[in-house]
Amino acid sequence: MEHPQVQVMRSFDAARLRASWQRSERYGVPEDEVLPVFSGAVDTGSLLYECGTEVLRGLQATLANEPISLMITDSEGLVLSRLCTDASINRSLDRVHLAPGFYFAESNAGTNGLGLALADRAPSLVRASEHYCTDLRGYTCAAVPVLDPLTGSLAGSVNLTTWSEQSSELLLALAQAAAGNTAALMLARASGRTARPTPRGEVFRVYADRVDPGDLPRLSPAWTSAVGAAQTAFGAGQVVAVVGEPGAGKTALASLARRQLRPRERVLNARPPAPDDVDTWLTLWTPELAKDGTCVIVSGVEALPAWAAEELARRFAEVRGDVPPFVLTAADAGSLPAALRPLVDRVVEVPALRFRPDDVLPLAHHFARRDRGREVTFTSAASRALAAYDWPENAKQLRRVVREAASRSGVVDVGHLPAEVFSAVGHRLSRLQALERDEIVRCLSEPGATVVQAAEKLGMGRATLYRKMAQYGLNARKLKS
């Protein structure tokens, strides 16, 4: 008798396949012919291409006598590379255009392994007749998404394709191993940065530790006008999507606008889960939508699997009232899932912090007061350094920097700020480079220190120090109090 967990998994896979077929039909994909879009250019300079191709070449060496084609695609389903030594399967794949330069997303080729893996952000195995298009039913395809190890965003996929009559038991396992090795190699070559933790599904009660709107600092017109736009849309009964860069304050803006409109409202924040946790995640918080005086902010909807976005759209349609009890956030309007896009009445954009320099110091004081429980002073030099920095990670980075500095002293000077604030480097630093930069900043920021003295302390020539300062985008004047 089959194990119950295996039955559940097969039932879940069948549901995903049905949903994929329905999407393929809505896309207008022909069933009798594969007509993918052709791109005139393939990006062979990306880290994904470099690492994925290297991993697949190693795997290909172990599968020399097997009729398996190994491919790398980008996040849009564009085939970047194809490795296979079997001439017959190569000719066959050429006939259905499963080759570099062609898009094989669901919207282009219907249900197929790599298209389903990208749509649902989950490992996918599509066998023979499970393909939407009849031309693809001679193959079995196993595909696994590859996530950027630093940002967690979808980078692309690894796809293994073989004849439909071949055994597929190990195909998906091989694809999963190749995808994992690709992500690991990408991390190793990304200048020693730390991998982003895998998100877990959970609901956070924003209202439990919220700050009263009256305690918030007075911010720039760019922020207040965005809050006002969201509040007006909520008051008109519109579904709002708040978009902006990571860390810009999308959830904070949505929560503030809801509280200003309905002060007693209970606000929850549902963060995107890991793909394996989506079903549990939905079960955990969607019943809250039916409760009076409750609003759920669903963050990062662009990271949801396609089937989850469709399920959300169905549930949202059932509870939409005079004031919809949900808000969406995403990186930008174009990244909203297709299933959720028709529900959105108004898109409100949160400007990045670098476009709101007047907000940096008020937010710094606010974050420091929240973390220390009392006012914290910033010297003029520290204030200038904070205001001059671009904040690529936005308010999230500012809060981290302020928390670290305020934990050291109630009067924050440049010596209490991390070296990243003084660096204008536009690329990632290796661990050794970051240590060198930090040591240069420490020596230059000491009271009364000159470049000559710092060079002597660092054991390098003055010309070398100037060159290092230029390399790391350091300005000696900004480091002086």
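A charge sits over a ring if NZ of Lys or CZ of Arg is within 6 Å of the ring centre and within 35 degrees of the ring normal. Keep that in mind for the first stop of this tour through a predicted model.

**Stop 1: a charge over a ring.** Select Phe-234 and Arg-258. Here Arg-258 lies over the face of Phe-234, and the distance to the ring centre is 4.8 Å.

Stop 2: Now turn to the aromatic pairs, of which the model has 6. Select Trp-21 and Tyr-132, an edge-to-face pair with 5.2 Å from centre to centre and 75° between the planes.

Is Tyr-132 buried or exposed? Tyr-132 is buried, because its relative accessible area of 5% falls under 20%.

**Stop 3: a stacked pair.** Next, select Phe-316 and Phe-326. Their rings are stacked, with centres 3.8 Å apart and 5° between the planes. Phe-316 lies in helix H10 (residues 306-319) and Phe-326 in strand E10 (residues 326-330), 10 residues apart.

What does the surface show for these two? Phe-316 is buried, with a relative accessibility of 0%. Phe-326 is buried as well, at 1%.

Definitions and conventions:
Residues are numbered from 1 along each chain as its sequence is written. This is a predicted model: local features need pLDDT of at least 70, side-chain atom pairs count only at pLDDT 80 or more; totals for chains, interfaces and linings use all residues. Side-chain values use heavy atoms; hydrogens and water are left out. Rings of Phe, Tyr and Trp (its six-membered ring) pair if their centres lie within 6.5 Å; planes under 30 degrees apart count as stacked, over 60 as edge-to-face and the rest as tilted. Buried means under 20% relative accessible area, exposed over 50%, partly exposed in between (1.4 Å probe, protein chains only). Helices (H or I, at least four residues) and strands (E, at least two) are DSSP runs, numbered from the N terminus.
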